Amino acid sequence: MRKLQAAVGFLVARSSRELDRLVTAVKIRWRSRPNARAARTNKIFIAGCARSGTTLTQRVMESFEDTFVWPPEARHTKFYLLDRQESNLVIKRDSRAFAHLAKLPADIGLIYCVRHPLDVLTSVHPQTMKERRFHTTADRWVQEYDALLSLRKAQPARDILYLRYEDTIADPDAVQQRIANRFGLRPRVPVTGDGGRPIHARSLRKWERNEDYRAYLQSQLSPAVLGPMRAFCREFGYDMPAWAGATG
């Protein structure tokens with residue numbers, strides 16, 4: 001009897017999950033119609049490799065008028081499930097967004113955050129510091145960059161706003177204005193006057209001063225990593241030190 005009850009419970013739970021997925025899919029399809037309110041809303045997706053400034057950019061987006069920033073990380077489909085009155089909706093990508101980035105709908109604007117790869121690979125995160133020393137592995141960084149390249153190949157006409165973490169740290173108000181100009185937003189308050197935590201530059205280029213960091217990076221920078229990393233650095237204006245195997 002207990003086995004039967006357990007089997008029935010499992011089937012009921014599975015059916016409930018399947019029904020929830022079906023309802024969600026219908027909502028997304030309905031609300032993404034060209035004449036639906038969700039389709040007319042200014043939707044802005046924040047993407048980029050972890051530890052590249054996506055959370056900081058999320059904070060910048062909170063400084064605009066008539067703008068709702070969804071607090072948790074989420075997939076882009078969340079746009080079509082939000083019932084909000086604001087004209088501008090902002091969502092920060094979740095940890096698996098790179099796997100779906102090339103399929104980002106054309107009606108969703110994209111902010112893509114970049115940061116010096118060596119800083120990314122030597123940045124810690126509270127959620128993973130007990131599991132590994134640094135949050136982003138070299139292999140994962142390559143996957144993220146591959147996803148960006150796949151997006152650009154699939155959608156060559158897409159207008160992407162690239163934000164360098166270093167620029168946001170140096171002058172967040174100027175970056176705020178770049179975002180405002182790109183998406184037609186109105187700043188409610190300057191980022192530097194929002195009353196939040198001060199923005200520091202202490203996290204920049206620690207590997208230049210820390211021999212242990214350099215030794216770790218040298219152990220991670222295989223040819224399969226260095227090739228994409230050099231291309232990334234050339235595109236976004238970063239230098240690669242000689243000890244990292246840079247060739248230009």
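## Exercises on strands, cores and buried side chains

Cys49 is buried, because its relative accessibility of 5% falls below the cut-off (buried means under 20% relative accessible area, exposed over 50%, partly exposed in between, with a 1.4 Å probe and protein chains only). The model is predicted, so local features need pLDDT of at least 70 and side-chain atom pairs count only at pLDDT 80 or more, while totals for chains, interfaces and linings use all residues. Residues are numbered from 1 along each chain as its sequence is written, and side-chain values use heavy atoms, with hydrogens and water left out.

**Exercise 1.** Find how many disulfides the whole structure holds, and decide whether Cys233 is buried or exposed.

*Solution.* Start with the criterion: a disulfide is a pair of cysteine sulfur atoms within 2.5 Å. Searching the whole structure with it gives zero disulfides. Next, take Cys233: its relative accessible area is 3%, so Cys233 is buried.

**Exercise 2.** Work out which strands pair with strand 1, and in which direction they run.

*Solution.* Strands (E, at least two residues) and helices (H or I, at least four) are DSSP runs, numbered from the N terminus. Two strands pair if DSSP finds at least two bridges between them.

Then go through the partners:

- Strand 3 (residues 88–93) runs parallel to strand 1 and is joined to it by five bridges; here Asn42 stands opposite Asn88.
- Strand 4 (residues 108–114) is also parallel to strand 1, with six bridges; here Ala47 has Tyr112 as its bridge partner.

Finally, check the cover: six of the seven residues in strand 1 (42–48) are buried.

**Exercise 3.** Describe the largest nonpolar core, and say which element gives the largest share of it.

*Solution.* A nonpolar core is a set of buried Ala, Val, Leu, Ile, Met, Phe, Trp, Tyr and Cys residues joined through side-chain atoms within 4.5 Å. The largest one has 44 residues, and Phe45, Trp141, Leu221 and Met229 have the most contacts inside it. Among the elements giving two or more residues to this core are strand 1, helix 5 (138–154) and helix 9 (223–236). Helix 5 gives the largest share, seven residues. Another core, of 17 residues, lies apart from this one and includes Val90 and Val191.

**Exercise 4.** Which residues does Arg59 contact, leaving aside neighbours within four places in sequence?

*Solution.* Locate Arg59 in helix 3 (residues 54–61). With contact meaning heavy atoms within 4.5 Å, the partners of Arg59 are Val191, Asp194, Gly196, Arg197 and Ile199. Arg59 counts as buried because its relative accessibility is 18%.
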